[in-house]
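Here is a short report for a reader meeting this structure for the first time. Please look over the sequence and the model, then read on.

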Amino acid sequence: MSTKPDVALYFPRPYSAHRPVQGAPLPLLAISSLLDKEGYGIKVVSNNLHERPLEKVLEHCQGAVCLGISSMTGYQIVDALQVAETVKEKYPELPVIWGGRHPTLEPEGTINSPYVDVVVRGQGERTFTELVHALTDGKPLDNIAGISYKLDGEIFHNPERPPEDINNFPAMPYHLIDVKKILYSNAFSTRALNYVSGYGCPWRCGFCSEQTAWHRHWLAIKGDRMAEEIDRLSKDYGVDTIVFYDSNFFVDMERVRIFCEEIIRRKLKIQWCDADIRIPRLLKIEKDMWDLIEASGCKGMFIGIESGYQPSLDFIQKDMKVEQTIATFEKYQHSNVKFSCTVVGGLPWDADQKKTDELIETDLDHTIDLADRLVKLNKRNRLVFWLFAPYPGSPLYKRSLDIGLVPPDSLE
């Protein structure tokens with residue numbers, strides 16, 4: 001029997017209560033992979049795994065070495081603060097650790113909260129493991145790269161931790177959760193599961209925080225290992241559709257080729273979808289490669305076309321042309337792969353509100369015209385319209401501050 005203590009982990013609700021939570025809490029599984037191998041008792045709580053998640057968190061915090069919380073910017077902060085405050089009231093000495101996208105991008109604002117003791121910045125697998133070791137052994141935290149922490153009322157920011165090859169880490173420990181409880185329905189299946197095969201993105205889209213969080217690094221699982229892990233998920237849990245959560249799946253086409261060939265070689269009855277791809281990459285795929293992708297079970301791709309107005313694409317540094325989008329959809333107009341495309345409107349053009357309003361309207365007109373054209377080429381194509389949000393860590397967040405956005409003064 002292991003003598004290692006428990007580690008309590010909570011994945012906050014990503015949106016308000018009217019919308020159901022789907023999928024596995026991948027950030028928590030990622031930071032658990034090494035600790036699980038070492039024999040720590042990992043207790044994962046999320047809203048789609050437990051009917052009363054707060055009660056379950058409080059139960060697991062009893063005797064735990066820490067509570068870890070992963071949070072994106074947005075609604076997750078609301079839920080995370082409520083849980084962290086309740087935990088602090090009942091277990092005031094228990095270290096509460098925050099990680100994930102928001103603490104990485106806003107470590108100062110996060111660590112200043114009375115409900116945060118330590119912030120894990122950036123890639124968390126190695127950092128969180130070392131942190132749990134230190135807390136277990138009662139050792140100081142000053143030599144752990146990639147964290148910010150409080151000590152005697154003072155805040156310390158340790159040096160950054162360089163990105164590490166994720167092939168060094170074990171597979172996501174899905175066995176820590178009741179996978180069958182969180183399989184969900186999408187356009188292709190009733191037994192879909194989310195999966196991530198890579199972190200980061202080498203591109204520089206102005207609305208996106210990937211370039212700040214990962215410094216334009218891209219880290220990915222090897223193609224043959226990816227197929228092996230998906231094979232295991234299919235056999236262990238009856239998963240028949242993998243939904244990719246990568247920010248950019250198709251950075252390395254040789255990796256994609258190996259993955260597809262391995263899926264076919266193993267005769268896996270698996271579908272995969274929502275793999276993120278850029279228009280310039282999709283336009284250049286040759287027929288033999290496309291045939292391989294389809295034969296391996298690809299049913300859908302996720303594409304950021306962003307706008308039908310070239311000045312908007314230039315403004316957000318998308319590094320592509322509207323004409324490329326049109327040419328791409330003409331090339332694949334008879335494909336069976338469903339293209340789910342995102343566009344973003346309401347950009348922070350100028351401090352002059354009238355000028356901004358005019359540009360937003362022009363952008364929208366061009367984008368609706370493009371959307372109409374793309375759907376007519378293939379009725380399977382879908383477009384999702386997003387309103388620009390000034391996301392911390394993105395270049396357009398700084399732009400928004402420059403033209404008048406007042407930033408939040410606290411985590412709350």
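This is a predicted model: local features need pLDDT of at least 70, side-chain atom pairs count only at pLDDT 80 or more; totals for chains, interfaces and linings use all residues.

Start with Ile368, which counts as partly exposed because its relative accessibility is 44%. Ile368 lies in helix H15, residues 353–377. Together with Leu364 and Phe385, Ile368 forms a nonpolar patch on the surface. The accessible area of these three residues comes to about 280 Å² together.

## The nonpolar cores

Now turn to the inside. The largest nonpolar core has 91 residues. Which of them touch the most other members? They are Phe128, Tyr174, Trp272 and Ile293. Helix H1, residues 26–38, gives the largest share of this core, with seven residues.

## Aromatic pairs

The count of aromatic pairs comes to 16. A pair of aromatic rings is described by two things, the distance of the centres and the angle of the planes. Take Phe250 and Trp272 as one case. Their rings are 6.4 Å apart, centre to centre, with 35 degrees between the planes. This pair is tilted. Phe250 lies in the loop between strand E11 (241–244) and helix H10 (253–265), while Trp272 lies in strand E12 (residues 271–273). The two residues are 22 apart in sequence, so their pair ties together separate parts of the chain. Are Phe250 and Trp272 buried or exposed? Both are buried.

Tyr332 and Phe339 make another pair. Their ring centres are 5.9 Å apart and their planes stand at 85 degrees, so this pair is edge-to-face. Tyr332 counts as buried, at 5% relative accessibility. Phe339 is buried too, with a relative accessible area of 1%. There is also an aromatic cluster, formed by Tyr195, Phe244, Phe249, Phe250, Phe259 and Trp272.

## Two residues with positive phi

Lys267 is not a glycine, yet it has a positive phi of about 55 degrees. Lys267 is found in the loop between H10 and E12. Lys267 counts as exposed, because its relative accessibility is 72%.

Glu306 is not a glycine either, and it has a positive phi of about 65 degrees. Where does Glu306 lie? It is in strand E14, residues 300–306. Glu306 is buried, with a relative accessible area of 5%.

## Salt bridges

How many salt bridges does the structure hold? The number is 21. In one of them, the side chains of Arg126 and Glu164 meet at 2.6 Å, N to O. Arg126 is in helix H6 (residues 125–137), and Glu164 is in the loop between strand E7 (154–157) and helix H7 (179–182). The pair links distant parts of the chain, 38 residues apart. Arg126 counts as partly exposed, at 27% relative accessibility. Glu164 counts as buried because its relative accessibility is 19%, and buried means under 20%.

Arg161 and Glu130 form a salt bridge as well, at 2.8 Å, N to O. Arg161 sits in the loop between E7 and H7, and Glu130 in helix H6. These two are 31 residues apart, and they too link distant parts of the chain. Glu130 is partly exposed, with a relative accessible area of 29%.

## A helical pair and a network

Asp402 and Lys398 form a salt bridge whose closest N and O atoms are 3.4 Å apart. Both residues belong to helix H16, residues 395–402. They are four residues apart there, so about one helical turn separates them. Asp402 and Lys398 are both exposed.

Elsewhere, salt bridges share partners. They join Asp231, Lys235, Glu262, Arg265 and Arg266 into one network.

Terms used: Residues are numbered from 1 along each chain as its sequence is written. Side-chain values use heavy atoms; hydrogens and water are left out. A nonpolar core is a set of buried Ala, Val, Leu, Ile, Met, Phe, Trp, Tyr and Cys residues joined through side-chain atoms within 4.5 Å. Buried means under 20% relative accessible area, exposed over 50%, partly exposed in between (1.4 Å probe, protein chains only). Patches are made of residues with over 30% relative accessible area and no salt bridge: like charges are joined within 9 Å, nonpolar side chains (Val, Leu, Ile, Met, Phe, Trp, Tyr) within 5 Å. Accessible areas come from the Shrake-Rupley method with a 1.4 Å probe; for residues, only the protein chains shown count as cover. A salt bridge is a side-chain nitrogen of Lys or Arg within 4 Å of a carboxyl oxygen of Asp or Glu. Rings of Phe, Tyr and Trp (its six-membered ring) pair if their centres lie within 6.5 Å; planes under 30 degrees apart count as stacked, over 60 as edge-to-face and the rest as tilted.
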